[in-house]
Amino acid sequence: MPEFFNVLPPQQALAALLKVLPPPSIALEEVPAQDSLGRVTATDLVSQQDLPTFPRSTVDGYSLRAADSFGATEGLPACFSVVGEVPMGRAPAIAVSLGEAAGTYTGGMLASGADAVIMVEHTQQIDADTIEVVRPVAPGENVVQPGEDVRTGDSILPRGHLLRPQDVGGLAALGITSLPVARRPRVAVLSMGDEVVSPENEPAVGQIRDVNSYTIASQILRGGAEPVPLGIVPDNYEDQLEVARRGLENSDALVFSAGSSVSARDMTADIINALGKPGVLVHGLSIHPGKPAIVGMVDQKPVFGLPGNPVSAMIVFDLLVHPILYHLAGCTTLPEPARTAARLDRDVASVPGREDYLPVRLKRGDLDGSEELVAEPVFGKSNLIFTLIRADGLVQVPLDKAGLYAGETVVVRLFQ
């Protein structure tokens with residue numbers, strides 16, 4: 001049986017691919033801002049106006065001239081005549097002068113002539129027309145000035161920015177209702193194996209339902225790309241090569257599910273090399289699970305061979321394929337996975353020379369009498385998908401360690 005060659009840690013394998021992968025060719029499409037979450041900006045966006053466009057109060061209280069409050073204390077308050085209020089959503093119809101104040105609300109305009117707002121908590125109502133101010137305010141206090149958030153001509157979002165909820169809100173605040181984004185990369189998914197059948201079918205003895213096509217497609221969607229399912233192809237070299245060639249022609253990347261190990265039936269490496277140059281770049285990762293993964297490139301398009309075991313396939317996808325999806329979309333800063341610290345609740349053995357990825361369940365525990373976050377390993381073989389379903393994230397055992405100890409603080413890479 002042939003051996004794995006060029007076995008690399010995941011980050012080195014990813015670097016090997018990025019080194020030869022050309023800059024992405026970005027196709028643009030215009031989308032409504034409300035549908036832009038998770039998309040990547042295709043141009044620099046510049047503000048066409050100031051934000052806010054008028055002075056706005058940040059508190060409920062009274063707008064007034066700050067100088068009239070100087071020296072005010074609880075023992076010697078300053079008295080103000082209340083001349084009215086400024087309704088929300090309207091320009092002020094009243095003005096304040098010496099010793100006068102006007103009711104003002106959060107987000108509303110100030111009365112004409114006012115340059116500050118005193119919080120209602122720092123006032124005392126004397127009667128319907130008079131208040132006492134028990135502390136001074138500075139000019140501009142509790143007021144957002146025009147252009148304080150964004151000024152006309154400011155760059156608001158650069159090209160290659162992955163849009164977040166706050167970005168979508170900022171676009172709405174500026175009246176930007178549509179914007180150019182990068183077209184979603186198309187990723188072909190080819191599932192292989194005589195033993196694999198569609199989920200709607202009842203498996204015969206020795207057969208299994210296709211899990212990986214669905215988990216991989218979901219991971220592609222989560223990575224901001226579009227899955228292109230190629231179906232299930234039996235273990236026939238010519239058929240797999242033909243379907244793979246057709247899928248790659250119509251996509252920006254290709255993912256094989258199964259067929260990446262070194263048994264006689266696993267032909268993915270040969271197929272990738274037959275598809276075009278340079279072919280296979282890395283065959284084998286120094287990780288567990290997921291060692292028999294393949295990283296390659298064909299005619300300037302990335303190609304991946306994922307292990308057939310669902311747990312292995314999902315872990316390798318997150319480590320290698322997920323970052324490439326953002327690269328293909330022109331994202332300049334790859335999003336980091338969410339992480340949290342927790343204490344391991346038992347010893348975990350590993351093997352020096354490889355990275356182990358251990359599924360863990362998080363809970364609030366009583367480890368050493370503490371209520372801090374505890375990581376409980378979820379043990380199971382890599383062909384058991386419910387191992388990951390029962391887990392909240394992964395703990396990495398570093399390449400140079402023989403394991404982790406109970407009570408040790410670990411970093412959990414959270415499932416999104």
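Which residues in α1 meet which residues in α6? Before I answer, two remarks on the source. This is a predicted model, in which local features need pLDDT of at least 70 and side-chain atom pairs count only at pLDDT 80 or more, while totals for chains, interfaces and linings use all residues. Residues are numbered from 1 along each chain as its sequence is written, and side-chain values use heavy atoms, with hydrogens and water left out.

Now the helices. From α1 come P10, A13, L14, L17 and L18, and they meet L319, L320, P323, I324 and H327 of α6. Contact here means heavy atoms within 4.5 Å. Nine of the residues in this contact are nonpolar, one is polar and none is charged. For those classes, Ala, Val, Leu, Ile, Met, Phe, Trp, Tyr, Cys and Pro count as nonpolar, Asp, Glu, Lys and Arg as charged, and the others, Gly among them, as polar. Helix α1 covers residues 10-20 and helix α6 residues 310-328; they pack at about 35 degrees with axes 10 Å apart. Axes are lines fitted to C-alpha atoms, for helices over the stretch in contact, and angles run from 0 to 180 degrees between N-to-C directions. Helices (H or I, at least four residues) and strands (E, at least two) are DSSP runs, numbered from the N terminus.

Next, the sheet. Six strands make up an open sheet with mixed pairing, in the order β7-β4-β6-β5-β9-β8. Two strands pair if DSSP finds at least two bridges between them. The edges are β7 (116-119) and β8, each pairing on one side only. On average, neighbouring strands are turned by 40 degrees against each other, direction ignored. Inside the sheet, β5 (residues 78-85) and β6 (residues 100-104) run parallel over three bridges, and E85 has G103 in β6 as its bridge partner. Strand β8 (residues 123-127) is antiparallel to β9 (residues 130-133), with four bridges. These two form a hairpin with two residues between them, and Q125 stands opposite I131.

Last, some single residues. Q240 sits in helix α4 (residues 237-249). Is Q240 buried or exposed? Q240 is buried, at 1% relative accessible area; buried means under 20%, exposed over 50%, and partly exposed in between (1.4 Å probe, protein chains only). Leaving out residues up to four places away in sequence, Q240 touches L190, M192, V233, P234, D235, M267 and I271.

The peptide bond between L51 and P52 is cis, with omega about -5 degrees. P52 belongs to the loop between β2 (45-46) and β3 (56-57).
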